[in-house]
Amino acid sequence: MNHINMPEDTERGWLPALLRGWAGRCPSCGARTLFTAYLKMAPTCSSCEISLESYRADDAPAYFVIFIVGHIIVPLVLLSEKLYQPALWVHGILWIPLCIGLSLWLLPHVKGAVIGVLWALQVRARPPL
Ligand SMILES: [Zn+2]
């Protein structure tokens, strides 16, 4: 096991784990092994060989992304409407691609961060019966 700059298993720091997960890195060793595809988790870390498949983020990343994107976009929409009163089509071509792009960019980062915190807090899914 390779635990670089990480406390013992009983003292997992949630903030370093969150930051490593945000960067797509293993929350335990920091190797870039968390995802095998855009949002597909690796079952185990190929560097330190911890099992990652028991940490399931489920829908939490999507909820957090909606929360974050909404709190960024809605004030910008209201501010632009207050200051410039642009036509409706201008709002459409401005905010819809920004919502989609920001959501797609944030989703793997937030999923990694959620997995990191789950790992730090040792919140595992129940094994199948
Ligand atoms: Zn690892």
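The model is a predicted one, in which local features need pLDDT of at least 70 and side-chain atom pairs count only at pLDDT 80 or more, whereas totals for chains, interfaces and linings use all residues. Residues are numbered from 1 along each chain as its sequence is written.

**Overall architecture**

The protein has three helices and zero strands, and its elements follow one another from the N terminus as α-α-α. Its radius of gyration is 18 Å, well over the 14 Å that the globule rule gives for 129 residues, so the protein is more spread out than a compact globule; the radius is taken over C-alpha atoms, and the rule is 2.2 Å times the number of residues to the power 0.38. Helices (H or I, at least four residues) and strands (E, at least two) are DSSP runs, numbered from the N terminus. The C-alpha trace spans about 60 × 30 × 25 Å along its principal axes, and buried residues account for 24% of the 129 residues. Of the contacts between residues at least 6 apart in sequence, 59% join residues at least 24 apart, a contact being a pair of residues whose C-beta atoms, placed from the backbone, lie within 7 Å.

The table sets out the lengths and spans of two helices, where the expected span is 1.5 Å times one less than the number of residues.

| Helix | Length | First to last C-alpha | Expected span |
|---|---|---|---|
| α2 | 25 residues | 36 Å | 36 Å |
| α3 | 34 residues | 46 Å | 50 Å |

In α2 the bend is about 25° and falls at Gly 70, while α3 bends by about 30° at Leu 106, with a proline, Pro 108, following within four residues.

As for burial, α2 lies largely in the open, because the number of its 25 residues that are buried is two. In α3, the buried residues include Pro 108, Val 110, Lys 111, Val 114 and Trp 119, and the buried residues of this helix pack against both α1 (14-22) and α2 (60-84).

**The α2-α3 packing**

Two packed helices are described by the angle between their axes and the distance between the axes. For α2 and α3 the angle is about 145° and the axes are 8 Å apart; axes are lines fitted to C-alpha atoms, for helices over the stretch in contact, and angles run from 0 to 180 degrees between N-to-C directions. The crossing of α2 past α3 is right-handed, a term used where the near helix is turned clockwise from the far one by less than a right angle, anticlockwise being left-handed. Residues making the contact include Ala 60, Pro 61, Phe 64, Ile 68 and Val 77 on α2, and His 91, Trp 95, Leu 106, Leu 107 and Val 114 on α3.

Pro 61, which belongs to helix α2, counts as buried because it has 20 C-beta neighbours inside 10 Å. Leaving out residues up to four places away in sequence, Pro 61 touches Leu 107, Val 110, Lys 111 and Val 114. Pro 61 and Ala 125 are separated by 64 residues in sequence and by 16 Å in space, C-alpha to C-alpha.

Leu 39 sits in the loop between α1 and α2 and counts as exposed, because it has 12 C-beta neighbours inside 10 Å. Apart from neighbours within four places in sequence, Leu 39 is in contact with Leu 107, Pro 108 and Lys 111. Leu 39 and His 109 are 70 residues apart in sequence, yet their C-alpha atoms are 9.4 Å apart.

Asp 58 also lies in the loop between α1 and α2; although it is not a glycine, Asp 58 has a positive phi of about 50°, and it is exposed, with 10 other C-beta atoms within 10 Å. Gln 85, in the loop between α2 and α3, comes just after α2 and takes a positive phi of about 45°.

Notes
Bend = angle between axes of the 7 residues up to and from the residue. Contact = placed C-beta atoms within 7 Å.
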